[in-house]
Amino acid sequence: MKLRVEELEVGRVMEATFWVNPQEGSRFRYRATHLDGKRAPKVVLSNDARIQPGVPCLVAIVRVDKPDRDDHGHVEVSYVRPAPFRIEGVYIDPVVSKKLQILLESGLNILLDGPQGCGKTTLARSIAQTLGMRFVLFNCGAVVEASDFLASIQVRASASGQPITDFVKTELLEALEEAREHPEVRYLLFLDELNRCTEGARNALMPALDATRKVFHPIENRFLAIPENVQFIAAVNRGSEFTGTFGIDAAQLDRFAPLQMDYPPPDEEVKILRARHPSLGKALVERIVLAADAVRRSPEVPGGLSVRATDEACVYLEHPLMEGDHARMLPEVLKSSFAGRYAGRWGDADSDAGAVWAIVEASLKESA
Ligand SMILES: Nc1ncnc2c1ncn2[C@@H]1O[C@H](COP(=O)(O)OP(=O)(O)OP(=O)(O)O)[C@@H](O)[C@H]1O
Ligand SMILES: [Mg+2]
């Protein structure tokens with residue numbers, strides 16, 4: 001897969017990932033070898049200060065030096081804009097992806113809202129990786145008091161048997177302190193399950209998220225400024241009992257740019273699962289995903305059905321113990337992997353699990 005020189009018209013916009021040019025004395029700081037994923041016929045060089053090494057971007061061709069020599073010359077390009085996110089093994093809705101990229105560039109706090117297991121955590125982690133940001137995950141579910149965000153108290157016995165109280169810093173506090181020492185590194189602090197912590201604790205975090213950008217340091221008893229190189233993403237995990245509500249009040253919500261996510265479309269989910277379970281046939285994976293899709297669309301079923309559930313079904317079916325018996329085992333697997341995630345039993349038509357099983361059974365019949 002090599003590009004031809006004739007394909008490199010001046011003005012054409014292509015994607016490239018640059019690294020610092022190893023050539024000593026070159027007037028170009030950045031160098032790439034590929035354009036649009038294909039090997040370029042000459043080295044691609046640029047001096048544009050907006051280029052970040054290792055981060056894919058779109059560039060425009062400015063000049064092709066020595067076009068008729070295949071052993072010499074270079075392609076000079078200028079920076080256009082960051083490349084659209086494309087993360088291996090992760091589906092991102094194109095519109096969500098654009099919005100997310102803009103929010104990350106602007107430094108605004110982001111609130112990812114979507115049904116359980118639709119990829120909120122996966123997405124945030126992958127984006128941090130692609131942008132070369134340090135990703136720190138903090139689960140807010142266990143936070144009861146404001147100080148729990150930054151420290152936990154641990155009691156141990158001293159040599160004399162007297163109890164000693166230690167303050168242990170949380171990952172969040174460690175990241176904030178580290179960020180101050182490394183202004184050159186960008187930190188993405190992920191506040192997972194923000195709706196699960198207590199209201200009061202969440203309120204105490206609010207000044208960290210608005211223009212004040214300060215939090216109270218419970219160990220040193222002073223306010224800690226949030227460094228510029230720190231950005232927050234929060235996710236709300238809506239279990240079935242939370243459908244339609246967040247438990248986050250308007251003033252708290254207002255400190256975030258909200259971004260809605262949903263399950264990948266069925267064909268994309270099939271791709272994700274097939275990449276992970278290559279030994280399973282396409283038709284089988286499609287049947288699993290179609291059944292999940294039917295459950296997710298049903299207005300009778302509360303909450304979502306995670307990609308974890310479809311993935312789990314694939315884990316079962318690709319096991320040697322199931323070999324040659326997929327037709328019989330598929331419904332059995334979905335009884336536990338799908339219906340088993342809901343209240344009640346699959347055999348009880350009046351329960352949520354029973355409603356899910358009825359939908360799955362109908363879908364399997366249709367796709368048979
Ligand atoms: N869009 C996606 N692309 C690739 N994998 C996905 C996607 N969505 C979900 N998954 C897979 O599904 C599983 C659950 O995803 P993840 O933990 O990111 O969901 P979540 O929205 O954060 O869930 P929760 O609401 O429970 O926190 C992971 O194994 C993940 O790889
Ligand atoms: Mg999550």
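Because the model is predicted, local features were required to have pLDDT of at least 70 and side-chain atom pairs were counted only at pLDDT 80 or more, whereas totals for chains, interfaces and linings use all residues. Residues are numbered from 1 along each chain as its sequence is written, chains are lettered from A and ligands numbered from 1 in the order in which they are written, and side-chain values use heavy atoms, with hydrogens and water left out.

The domain assignment, with bounds taken from an automatic or database assignment, divides the chain into domain 1 (5-82), domain 2 (94-260) and domain 3 (266-367). The centres of domain 2 and domain 3, taken over C-alpha atoms, are separated by 33 Å, and their contact (heavy atoms within 4.5 Å) involves five residues from domain 2 and seven residues from domain 3. The size of an interface is often expressed as the accessible area lost when the parts come together. Between domain 2 and domain 3, the buried area (accessible area for a 1.4 Å probe that two parts lose on being put together, summed over both) is about 410 Å², with 58% of it on carbon and sulfur atoms. On the side of domain 2 that touches domain 3, the residues comprise one nonpolar, four polar and no charged, where Ala, Val, Leu, Ile, Met, Phe, Trp, Tyr, Cys and Pro count as nonpolar, Asp, Glu, Lys and Arg as charged, and the others, Gly among them, as polar.

Helices (H or I, at least four residues) and strands (E, at least two) are DSSP runs numbered from the N terminus, and two strands pair if DSSP finds at least two bridges between them. An open sheet of six strands with mixed pairing has the order E1-E5-E6-E4-E3-E2, in which the edge strands E1 (13-16) and E2 (19-20) each pair on one side only. Strand E6 (residues 74-82) runs parallel to strand E4 (residues 38-46), to which three bridges join it; Leu-45 stands opposite Glu-76, and Val-43 opposite His-74. Strand E5 (residues 57-64) is joined to E6 by seven bridges in an antiparallel arrangement, with Leu-58 opposite Arg-81.

Strands E9 (residues 151-157) and E10 (residues 163-169) also run antiparallel, joined by seven bridges, and Ile-153 has Phe-167 in E10 as its bridge partner. The hairpin of E9 and E10 has five residues between the strands, and Gly-161 takes a positive phi near 90° there.

Over the whole structure, 20 salt bridges are found. One of them joins the side chains of Arg-134 and Glu-178 (2.9 Å, N to O); because Arg-134 lies in strand E8 (residues 134-139) and Glu-178 in helix H3 (residues 171-181), the pair ties together parts that are 44 residues apart in sequence.

Terms used: Salt bridge = Lys/Arg side-chain N within 4 Å of Asp/Glu carboxyl O.
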